[in-house]
Amino acid sequence: MLELDSINASYDFLQVLWDVSLTVREDEFVALIGPNGAGKTTTLRTIAGLLKPSAGHIKYRGQQIQGLLPHEIHRLGISFVSETMNLFPSMSVYENLLLGAYTVPDKKAKLRSLDFVFELFPRLHERRNQMAGTLSGGERKMLALGRGLMSSPSLLLVDEPSLGLAPMLTASVFEALQTLHAKGMTILLVEQNVNSTLRITNRGYVLEHGRIVMQGPSAELKSNSYVQKAYLGV
């Protein structure tokens with residue numbers, strides 16, 4: 001479904017990604033883990049078109065997308081849920097969700113997506129008329145994920161969904177991601193909670209200093225001595 005081939009990316013004169021190659025197959029749940037500053041978020045931003053790679057190719061379902069604008073990539077079926085969430089605090093939960101479906105012309109499809117999001121996150125249904133800026137941290141994460149689902153994407157890019165959340169809320173977010181995957185959603189997840197991430201994903205990549213240094217089935221990565229020492233505190 002998604003292929004990155006030798007991607008280099010920079011912010012001005014600072015190169016962040018060095019020959020990054022990875023794949024995400026249809027219906028997979030793939031993890032991208034690594035320390036802070038490794039380039040994980042930059043990888044997602046580059047896939048989503050928010051940052052143009054300086055070298056390499058990105059293919060989505062066989063089509064090269066590295067030259068497309070973010071809204072064009074979004075229309076192809078890729079939805080990016082940013083760590084910063086980018087919610088509109090003075091708009092209601094309902095209005096924020098509808099903005100996630102701005103590329104969907106079919107009103108019935110929007111309503112189906114809305115029902116799906118409210119089924120996945122009942123709390124959002126309870127808060128649908130509440131201003132987004134008054135939600136708790138966990139509710140804002142739910143809203144960001146829900147808005148990312150409103151366009152019925154084929155591939156969901158999720159950046160640090162548990163950042164700043166209490167353990168109980170973190171568990172709820174991971175449970176929602178597992179539910180999405182069980183329903184057929186393909187997901188590429190960037191997350192600092194390595195133990196939980198490798199528990200729920202199929203495969204993983206380890207990114208350090210802008211380079212992929214390790215990859216494999218999540219269970220194998222979780223039992224790898226280097227990963228245990230560097231990321232799991234074992």
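In the predicted model, four strands form an open sheet with antiparallel pairing, arranged in the order β2-β1-β4-β5. The edge positions are taken by β2 (14-24) and β5 (63-64); each has a single partner strand, so one side of each is left without a neighbour in the sheet. Strand β1 (residues 2-11) and β4 run antiparallel and are joined by five bridges. Within this pairing, Asp-5 has His-57 of β4 as its bridge partner.

Strand β4 spans residues 55-60 and includes Gly-56. The relative accessibility of Gly-56 is 25%, and this residue therefore counts as partly exposed. When neighbours within four places in sequence are left aside, Gly-56 is in contact with Asp-5, Ser-6, Ile-7 and Gln-66. Gly-56 and Asp-19 are 37 residues apart along the chain, yet their C-alpha atoms are separated by 7.4 Å.

Parallel pairing is found around strand β3. Strands of a sheet pair through backbone hydrogen bonds, in either the parallel or the antiparallel sense. Strand β3 (residues 29-33) pairs with strand β8 (residues 186-190) in the parallel sense, over four bridges. In this pair, Val-30 stands opposite Leu-188 of β8. Strand β9 (residues 203-208) also runs parallel to β3, and four bridges join the two. Here the bridge partner of Ala-31 is Gly-204 in β9.

Strand β3 is mostly covered, with five of its five residues buried. In a regular strand, side chains alternate between the two faces of the sheet. In β3, Phe-29, Ala-31 and Ile-33 point one way, while Val-30 and Leu-32 point the other way. The residues of both groups are buried.

Not counting residues up to four places away in sequence, Ser-92 touches Arg-128, Asn-129, Gln-130, Met-131 and Ala-132.

Rolling a probe the size of a water molecule over the atoms shows where empty space is left. The largest pocket holds about 540 Å³ of space. It is lined by 22 residues, of which His-74, Ser-79, Phe-80, Tyr-102 and Arg-147 are the closest to its centre. Two or more residues of this lining come from each of α2 (70-76), β6 (78-81) and α6. By class, the lining of the largest pocket consists of twelve nonpolar, eight polar and two charged residues.

The second largest pocket has a volume of about 170 Å³. Its lining is made up of Leu-120, Phe-121, Pro-122, Arg-123, Met-142, Leu-169, Ser-172, Glu-175, Ala-176 and Thr-179. At least two residues of the lining are supplied by each of α5 (122-126) and α7 (167-182). The most is given by α7, with five residues. The classes represented in the lining of the second largest pocket are six nonpolar, two polar and two charged residues.

Across the whole structure, the search finds one cavity of 30 Å³ or more. The space in the largest cavity amounts to about 50 Å³. Twelve residues line the largest cavity, and the closest to its centre are Val-81, Lys-141, Leu-145, Asp-159 and Pro-161. Helix α6 (137-149) and strand β7 (155-159) each supply at least two residues of this lining. The largest share comes from α6, which provides three residues. The lining of the largest cavity divides into seven nonpolar, one polar and four charged residues.

How values were computed
Residues numbered from 1 in each chain as written. Predicted model: local features only at pLDDT ≥ 70, side-chain atom pairs only at ≥ 80, totals over all residues. Heavy atoms only, no water. Buried < 20%, exposed > 50% of the residue type's maximum accessible area, 1.4 Å probe, protein only. Contact = heavy atoms within 4.5 Å. 1 Å grid on protein atoms, 1.4 Å probe; cavity = no way out; pocket = protein on both sides within 12 Å on 5 of 7 lines; lining within 4 Å. Points joined across faces, edges and corners; volume = space filled by probe spheres on them. Nonpolar A, V, L, I, M, F, W, Y, C, P; charged D, E, K, R; others polar. Pairing = 2+ DSSP bridges.
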